[in-house]
Amino acid sequence: LKAVAIVPAAGRGERLGPGTPKALRALAGVPMLVRAVHSLAQSPSVELVVVVAPPEPVTEVRALLPEDQLGATVSVVAGGVTRQQSVRLGLSALPDQAEVVLVHDAARPLVPVELVDAVVRAVWAGADAVVPALPVTDTVKAVNAQERVTGTPDRAVLRSVQTPQGFRRSVLEEAHGKAADGPQDSTDDAGLVEGLGVSVQVIAGHEEAFKVTRPIDLVLAEALVARRRAGTAR
Ligand code: CTP
Ligand code: MG
């Protein structure tokens, strides 16, 4: 069961604070992007990883990812202004044969290989689109422009979605092709596929697939790396 992976890594990481682009920031000494690519390449189902890098350091990024140490082929292309554009640029760099495509945020460096495999399996089992998700723990409010609460959706029907998200390639391409004209860029590939009326399958996500977004997330990520190193848990 084979798949190719697109890793959007071209964001600036504004919520993490000023400095190096987020994907290139170190997590216990290793850039997040390198960890994310390793996590994917660890899966026997991932044959090729297309990294969508921040434009300036493409060459630098290439040098960080020696294929002989990875177990997968890696190509690096320059990204766009939004995540949606970056994923589209990654899609246009895929080889013709690729049938199953994963999209995985560089900002989720510690995704367990079991989750990667589960997503690939679900696509090969027939799903057009697969998202890993966890129940929402906070109560979520909808608000208006004046920060007045306009509603409280029932938490039981809400999920926090993660990556890798998995797709039949033709479905993802159609979704991104149609989305090109939309005014609002999507932060989630499954969202674009929903727009086609295609059904999206949810599978159980994993706590360790969390996204590094704010500084506090780095604290958690470093602690998790330390725990894995200690060998007490993976
Ligand atoms: N991403 C991308 N191209 C962009 C914007 C985002 O490839 N133009 C990638 C990021 O590098 C990240 C993933 O999409 O791996 C998820 O995005 P997010 O967590 O929002 O990262 P950033 O956009 O970098 O962070 P921020 O929104 O805080 O600036
Ligand atoms: Mg962003």
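Me: What makes a residue count as one of those that surround ligand 1?
Reply: A residue is near a molecule if one of its heavy atoms lies within 4 Å of it. By that test 18 residues surround ligand 1, and the closest are Pro8, Ala10, Glu14, Ser86 and Lys211. Keep in mind that this is a predicted model, where local features need pLDDT of at least 70, side-chain atom pairs count only at pLDDT 80 or more, and totals for chains, interfaces and linings use all residues. Side-chain values use heavy atoms, without hydrogens and water, residues are numbered from 1 along each chain as its sequence is written, and chains are lettered from A and ligands numbered from 1 in the order in which they are written.

Me: How do you know that glycine 11 makes a polar contact with ligand 1?
Reply: A polar contact is a pair of N or O atoms within 3.5 Å (within protein, one must be able to donate a hydrogen and the other to accept it, and residues adjacent in sequence count only if both atoms are side-chain atoms). A polar backbone atom of glycine 11 sits 2.9 Å from an oxygen atom of ligand 1, so the pair qualifies. For alanine 9, a backbone N or O atom is 3.2 Å from an oxygen atom of the ligand.

Me: Why is alanine 9 called buried?
Reply: Buried means under 20% relative accessible area (1.4 Å probe, protein chains only). Alanine 9 has 3%, so it counts as buried.

Me: Why does arginine 25 have no salt bridge?
Reply: A salt bridge needs a side-chain nitrogen of Lys or Arg within 4 Å of a carboxyl oxygen of Asp or Glu. For arginine 25, the nearest side chain of opposite charge, glutamate 14, is 9.3 Å away, so there is none.

Notes: Buried < 20%, exposed > 50% of the residue type's maximum accessible area, 1.4 Å probe, protein only. Lys, Arg positive; Asp, Glu negative; His and termini not counted.
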